[in-house]
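The exercises below are meant to be worked through with the sequence and the model side by side. Try each task before reading its solution.

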Amino acid sequence: MAASPHMLDAGPSCLLYLDDEQAAAAGLAAAAGLIALPIARHRFPDGELKLTLPVDASGHLPARAVLLRSLHQPNDKLIELLLAARTARSLGVRHLTLVAPYLAYMRQDIAFHPGEAVSQRIVGPFLADLFDAVMTVDPHLHRVATLQEAVPAAQTVVVSGAPLLADWIVRQRPGALLVGPDGESAQWVAQAAARHGLQHAVCTKERHGDRSVTIALPPVNVQGRAVVLLDDMASTGHTLAQATRLLWQAGAASVDVAVTHALIDAASLQALHAAGVGQFWSTDCVAHPSNCVPMASALAQALGGLHA
Ligand SMILES: O=P(O)(O)OC[C@H]1O[C@H](OP(=O)(O)OP(=O)(O)O)[C@H](O)[C@@H]1O
């Protein structure tokens, strides 16, 4: 079936997803009123990938489509996006939106040493070349003001997990003190605190290496307070572990953690608990046992705005 102007006007009509994100796709499709269609994957013995897109009886896809792919552990996934997006175009998709709840390769935004690849400046345009629009949640854009700068030439939409994390936190720890572990987290901590009239403060952090950071607590009295550390992501967990130790030393009554992106593995999470973290909560941007805050409704709402 060839794409008609009517179909283009009708908004996205399908949500394409890879087979390991069936649950996330079902949630987003239901919230957004889309039909979820799986892309089948086959890995050849030599490691190469074959994708098969879910075409209709005449071998086509709808004129508008959304591709859901959260980009944690991203290296294979970037090849998937390349194969899927180019194939979708050849099968009739004229407007293609990437929904990447976690957007990878945004953290290296400058060359810290001569010769380093500035990944954000390479992966962002790569995605812009494949997709008409790119949507993500709380991207890590330290020295870049907007996602549009990182992903030029595509329409960009940023959804925040902070309000929904705040709703969760206030139910679990009413009256908590929200603390951000570094300057960049201030944007999310302030937003979450304002939503429920919570007190908040932000640490300062110096990063020395992948697993080495120095943190200083803000000048706020944490004695006897239920503290919730709020950040965009936990990866090795060293940032949150160090902040947690300092908060306990300063007399906090409890320290829990809420993050948008739970990139942390089981061993690092265990180390975080050993450092004094009580509960560890996350949105479902990255599938993880700690997921307790679904993002489907917020993403669906943003998709509606994108295609309105
Ligand atoms: O769990 P971890 O391994 O500690 O990583 C997570 C931390 O890293 C990121 O900040 P980062 O230090 O990269 O901020 P920067 O952009 O200021 O370097 C992120 O915002 C977290 O605070």
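Predicted model: local features only at pLDDT ≥ 70, side-chain atom pairs only at ≥ 80, totals over all residues.

**Exercise 1.** Is histidine 42 buried, partly exposed or exposed?

*Solution.* Next, take its relative accessible area, which is 37%. Buried means under 20% and exposed means over 50%, with partly exposed in between, so histidine 42 counts as partly exposed because its value is 37%. Finally, look at its surroundings: leaving aside residues up to four places away in sequence, histidine 42 touches Glu48, Leu49 and Lys50.

**Exercise 2.** Find how far apart histidine 42 and aspartate 210 are, in sequence and in space.

*Solution.* Counting along the chain first, the two residues are separated by 168 residues. Turning then to space, the C-alpha to C-alpha distance between histidine 42 and aspartate 210 is 34 Å.

**Exercise 3.** Describe the largest pocket by its volume, its lining and the parts of the chain that supply that lining.

*Solution.* Start with the volume, which is about 1300 Å³ for the largest pocket. Its lining consists of 42 residues, and those closest to the centre are Arg107, Arg207, Asp210, Met233 and Ser235. Sorted by class, the lining of this pocket holds 14 nonpolar, 17 polar and 11 charged residues. Among the elements, β10 (204-209), β12 (226-234) and α8 (238-249) each supply at least two lining residues. At the level of domains, at least three lining residues come from each of domain 1 (5-160 + 294-306) and domain 2 (162-284).

**Exercise 4.** Which element gives the most to the lining of the second largest pocket?

*Solution.* First take the pocket itself, which holds about 410 Å³ of space. It is lined by 20 residues, with Glu21, Ala24, Asp284, Cys285 and Ala287 nearest its centre. The elements that give two or more residues to this lining are α2 (22-32) and α10 (296-306), and α2 gives the most, with four residues. To complete the picture, the lining divides into 10 nonpolar, five polar and five charged residues.

**Exercise 5.** What are the helix and strand contents of the stretch that UniProt lists as "domain: Phosphoribosyltransferase"?

*Solution.* The record, an unreviewed UniProt entry, gives residues 177-262 for this feature. Over residues 177-262 the chain is 27% helix and 42% strand.

Conventions. Residues numbered from 1 in each chain as written. Heavy atoms only, no water. UniProt positions renumbered as here; feature names shortened; annotations may be inferred. Buried < 20%, exposed > 50% of the residue type's maximum accessible area, 1.4 Å probe, protein only. Contact = heavy atoms within 4.5 Å. 1 Å grid on protein atoms, 1.4 Å probe; cavity = no way out; pocket = protein on both sides within 12 Å on 5 of 7 lines; lining within 4 Å. Points joined across faces, edges and corners; volume = space filled by probe spheres on them. Nonpolar A, V, L, I, M, F, W, Y, C, P; charged D, E, K, R; others polar. Domains from an automatic or database assignment.
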